[in-house]
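Me: I want the terms checked against their cut-offs. Please take me through the model.

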Amino acid sequence: MSLDLRGLSPAPVTPFTVDGEIDFAAIKRLGGWLGSIEGVKSLVVLGHAGEGTFLTQKEQSDVISAFRDSVNGEIPIIAGITQEGNAVAAEEAKRAVDAGASAGLVYPSHGWLRFGYQQGAPQTRYRAIYEESGLPMILFQYPDNTKATYDLDTQLDIAGQEGVFATKNGVRNMRRWYTEIPALRAAYPELQVLSCHDEYLLPTMFDVDGLLVGYGNIAPELLVELIDAGKAHDYDRAHAIHEKLLPVTKNVYHRGSHMEGTVALKWGLVARGILDHATVREPLLPLQSGADKEIAAAFASAGLGQVAVPA
């Protein structure tokens, strides 16, 4: 695989107008800014942060194409593949290819979140998507407290399949992390390991090739530094960056629901001068009164001010 995600891969939000339509001018600003930062390796669209499952099929394709255009095709656009059944997920992947996606982040079938999965079923999902679309894929490991988290044997099987070149790991169980990441490394040394532990990145920074995080929307400069410190095994520098970001982390991710983080990301982008407002689609709801001011103050305390947006 030629895709190199050894660095920062932000998962950008999908900006909307105040009327709830896709804001293509804001996509151009956001994508252009993120793509201009050295160390950003790709943009991952249509995930949870991007409200991808809230969009129509046409809107999903339009978002992929708009972000591709925003970076002038200079870095890959990776699309979330979220449909439940293998056949419809494969069709979704083919639409993503047609829209300009270079790879897919393959979500587990969402029914598994409640009911669990049959052994062997996740492997068929990846196989069907790749055989039908040819889209290179990222293995997505869900949190340990869901029934859609893959055991080690399942991860190893998927990682060994044709077309799988990276894993986005959000297991959020360090006992499993310290067991399973070395096992994946030993079995597949070329597999790119990416952390998505937005709310507590520091413990995972020393074992990964990069980050694939919604957090990359709002603080890409500091996250690139954090990745560099982790790769250098410079704990003191990594910890200092972690502490600098902690007010932002708390205000964006330490909330009652992780989904509130998507709304908070948009307020963070308002604070940085990329977005004018934080419009989201239901069932996401606005944050409580005053949250915007709290988020803005957290960004100011971390030294994350407004940015110059590329023309």
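Reply: Some questions on terms and values follow. This is a predicted model, where local features need pLDDT of at least 70, side-chain atom pairs count only at pLDDT 80 or more, and totals for chains, interfaces and linings use all residues. Residues are numbered from 1 along each chain as its sequence is written, and side-chain values use heavy atoms, with hydrogens and water left out.

Me: Why is R255 said to have no salt bridge?
Reply: A salt bridge needs a side-chain nitrogen of Lys or Arg within 4 Å of a carboxyl oxygen of Asp or Glu. The nearest side chain of opposite charge to R255, E260, is 4.2 Å away, so R255 has none.

Me: Where does R255 lie, and what is R255 in contact with beyond four places in sequence?
Reply: R255 lies in the loop between helix 9 (235–253) and helix 10 (260–271). Helices are DSSP runs of H or I, at least four residues, numbered from the N terminus. Its contacts (heavy atoms within 4.5 Å) include E260, A264 and L287.

Me: Which residues of helix 5 are buried, and what phi follows just after helix 5?
Reply: Among the buried ones are Q123, R125, Y126 and Y130. Just after helix 5, G134 takes a positive phi of about 70°.

Notes. Helix = DSSP H or I, 4+ residues; strand = E, 2+ residues; numbered from the N terminus. Buried < 20%, exposed > 50% of the residue type's maximum accessible area, 1.4 Å probe, protein only. Lys, Arg positive; Asp, Glu negative; His and termini not counted.
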